[in-house]
Amino acid sequence: RHMKGWSIVLTALLISGLVSLTGTIMMTDYYGAGVLMVLTFYFFRGRKWWCLLGQFLALFWINVYLLGSLYYPVKLFGMELEIVQQGFALFALGLIWLYQGRQGAHSKEFQYFCYAFYPVHIAVLVLLSALL
């Protein structure tokens with residue numbers, strides 16, 4: 001509460017760097033980049049245009065530059081392009097931005113379907129790979 005201006009920004013950057021380094025050392029999911037993704041949604045929370053732009057730009061930097069190691073060659077309008085696989089994660093932002101903070105209607109059947117979906121689809125993929 002007593003800090004103002006650039007001291008807040010510098011403190012946030014320092015803490016973000018330390019927490020990201022800790023995430024890398026502790027080998028969390030996506031290492032330090034995963035921690036930075038969570039911090040991005042924390043620092044740019046809200047529905048103002050600059051919050052949404054900040055989320056997009058920060059997640060673009062994290063997904064394309066920090067995590068972008070697998071490229072897909074694409075030919076578009078006669079040009080050869082390389083698309084970063086992790087960049088497709090940015091499409092999830094649209095769904096995240098549509099969330100209104102309320103739980104939707106659901107039933108017990110849908111709840112059990114959601115619980116069963118992951119292990120069942122993994123089992124189906126294992127069976128398909130065994131057959132092929």
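Start by selecting Phe-110, Phe-113, Phe-117, Tyr-118, Val-120, Ile-122, Val-124, Leu-125, Val-126, Leu-128, Leu-131 and Leu-132: together they make a nonpolar patch on the surface, with about 1,300 Å² of accessible area. Keep in mind as you look around that this is a predicted model.

Now pick out one member of that patch, Phe-110. You'll find Phe-110 in helix H5, which covers residues 108-131. Is Phe-110 exposed or partly exposed? Its relative accessibility is 47%, so Phe-110 counts as partly exposed, since the label "exposed" needs over 50%.

Next stop: the largest pocket. Select Val-9, Ala-12, Leu-13, Ser-16, Leu-36, Leu-39, Thr-40, Phe-43, Phe-44, Ala-58, Trp-61 and Ile-62, and you have its lining. The volume of this pocket is about 300 Å³. Which helices each give at least two residues to the lining? Color helix H1 (6-25), helix H2 (31-43) and helix H3 (49-66) to see them. Sorted by class, the lining has ten nonpolar residues and two polar ones, with no charged residues.

While helix H2 is colored, click on Tyr-31, which belongs to that helix. Its phi is positive, about 55°, even though Tyr-31 is not a glycine. Here's the background: most residues other than glycine have a negative phi. With a relative accessible area of 43%, Tyr-31 is partly exposed.

To find Phe-77, go to the loop between strand E1 (71-76) and strand E2 (79-84). Its relative accessible area is 79%, so Phe-77 is exposed.

For the last stop, show the side chains of Glu-80 and Lys-75. These two meet in a salt bridge, at 3.9 Å from N to O. Why can such a pair form? Side chains of opposite charge can pair when their charged atoms come close.

How values were computed: Residues are numbered from 1 along each chain as its sequence is written. This is a predicted model: local features need pLDDT of at least 70, side-chain atom pairs count only at pLDDT 80 or more; totals for chains, interfaces and linings use all residues. Side-chain values use heavy atoms; hydrogens and water are left out. On a 1 Å grid over the protein atoms alone, a cavity is a set of points where a 1.4 Å probe fits but cannot get out, and a pocket is an open set with protein on both sides within 12 Å along at least five of seven lines; lining residues have an atom within 4 Å of a point. Grid points are joined across faces, edges and corners, and a volume is the space filled by probe spheres set on the points. Helices (H or I, at least four residues) and strands (E, at least two) are DSSP runs, numbered from the N terminus. Ala, Val, Leu, Ile, Met, Phe, Trp, Tyr, Cys and Pro count as nonpolar, Asp, Glu, Lys and Arg as charged, and the others, Gly among them, as polar. Patches are made of residues with over 30% relative accessible area and no salt bridge: like charges are joined within 9 Å, nonpolar side chains (Val, Leu, Ile, Met, Phe, Trp, Tyr) within 5 Å. Accessible areas come from the Shrake-Rupley method with a 1.4 Å probe; for residues, only the protein chains shown count as cover. A salt bridge is a side-chain nitrogen of Lys or Arg within 4 Å of a carboxyl oxygen of Asp or Glu. Buried means under 20% relative accessible area, exposed over 50%, partly exposed in between (1.4 Å probe, protein chains only).
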